[in-house]
Amino acid sequence: MIDNEIFLIRSESGYILYAPLARFSARINDDCAEAVLRKQSGIAALPEEKAIIEYLSSFGIFNKAEPPVKKRLKPTEVTLFPSDGCSLKCVYCYADCGGTKHIMPLNTGKAAIDLVFNNALEQNVSPVAVKFHGNGEPFTAFDTVKELSRYAREKSEETGVPVTLIAVSNGYWSDDILSWVTDEIDETAISFDGIKSVQNAQRPTVSGKESFSVVDRTLRELNRRRKAFGIKVTVTAKSVDSIVDTARYVSEAYPECGWLQFEPVWNVGRFSGAEDGETYFDRFINGYIQADRQFGGRLRLMYATANINELRLSGCGVPDGQFVVTPQGLVTSCYEVYDRGDTRSDVYIYGKYNGINGFCFDADKLDLLRRYTVSNMPYCKDCYCKYHCAGDCPAKLLSTNSPQSFMGSDRCKVTRAITKYLIEKQLS
């Protein structure tokens, strides 16, 4: 059990009292803030404060509560990387994609699907999720994706356990792929940077051609068919002032879009960084908030580390032993660490497929990965975002270091500002 942390957030109109574990937020005056601080410090309330402390106590904000629970490694969801090839050459990609080097053998993918269905039956959990993702574009191995999807549907019929098929893709599809996806895939996430000039500049094809027209056609067809889909936008210093224009375009062109996620670019892979870093994050914050104010009624805008409707201990599935299988049959807990040549592989790659022996997992590595939570990050102790951001991306911010070494990042400013905005929006 831990204290149900209470945070006082300064706003233009005074203070916001925020207790995330109790799902409580309220605007309070200075006197109330002082009373709360005394209560938290173990100091007896002044006579005139007793009534307000009793009132706040009725919401359970001073009680002890359990933090979000970490899962056991009995996955009922698998992310398959069918291919490490890609049809695009995005300027900021973390992966060294281009020509396809590896295609996942069908027996590897089928064994992973068998494992998650067996776990679902054992734990009486449903549905199973099979996700096609990659350090490349999954549909560069279209035949593999089709066969593994067919196999997953077959396993669902055989076991009686429902399955959800999910694709994470760049949306640069042929007519055949577009037709198949709209018929067979249940949920789709498309990486797309919005307005034409930005998409073409940041996400050209491998041969250097424009990609907007093809991806726009994909999104319009998903929209026409009313499929479950969302869009993830990567924002660079050169595109940061286009956030509002992108939200406007998406809301008008694809009104059935389920969510629109904006993320600041990371200084990894091909990307050289945000040249005007001093103003970039302020411009991102302002653009995001303006876009939400103008189009939040039509679109569900998202920023990954500022979801106040979700409580979590980790920024992703790393500490839970996220079950991600690469084309080479390696098992990693991180989408971005997929090769033994990566210096972080000793931390994040925790298993492999061994043919007839199935998958083997390194229990010691899994135990170490379980430490990668916000509970083990002293820097985050007094931050009101701690159970929403949860320390952000461990692979990028911690590399191979321990969570105790985390000292924050530039993204903390963005996360705090957007989280605060969302809390205030909820209270308005």
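A polar contact is a pair of N or O atoms within 3.5 Å; within protein, one must be able to donate a hydrogen and the other to accept it, and residues adjacent in sequence count only if both atoms are side-chain atoms. The views below come from a predicted model, in which local features need pLDDT of at least 70, side-chain atom pairs count only at pLDDT 80 or more, and totals for chains, interfaces and linings use all residues. Residues are numbered from 1 along each chain as its sequence is written, and side-chain values use heavy atoms, with hydrogens and water left out.

View 1. Helices (H or I, at least four residues) and strands (E, at least two) are DSSP runs, numbered from the N terminus. At the start of H1, look for Asn-29: one of its side-chain oxygens comes to within 3.2 Å of the backbone nitrogen of Asp-31. Just after the helix, Gly-42 has a positive phi of about 80°.

**View 2. Strand S6 and its partners S7 and S13.** Two strands pair if DSSP finds at least two bridges between them. S6 (residues 77–80) runs parallel to S7 (residues 128–132), with four bridges joining them, and Glu-77 sits opposite Ala-129. S6 also pairs with S13 in the parallel sense, over two bridges; here Thr-79 faces Val-324.

**View 3. Thr-326 in its loop.** This residue lies between strand S13 (324–325) and strand S14 (330–332). Thr-326 counts as buried because its relative accessibility is 1%. Leaving aside neighbours within four places in sequence, Thr-326 is in contact (heavy atoms within 4.5 Å) with Phe-81, Met-104, Thr-332 and Tyr-338.

**View 4. The largest nonpolar core.** Such a core is a set of buried Ala, Val, Leu, Ile, Met, Phe, Trp, Tyr and Cys residues joined through side-chain atoms within 4.5 Å. This one has 115 residues, and Ile-231 and Phe-284 are among those with the most contacts inside it. Helix H9 (residues 277–295) gives the most, with eight residues.

Terms used. Buried means under 20% relative accessible area, exposed over 50%, partly exposed in between (1.4 Å probe, protein chains only).
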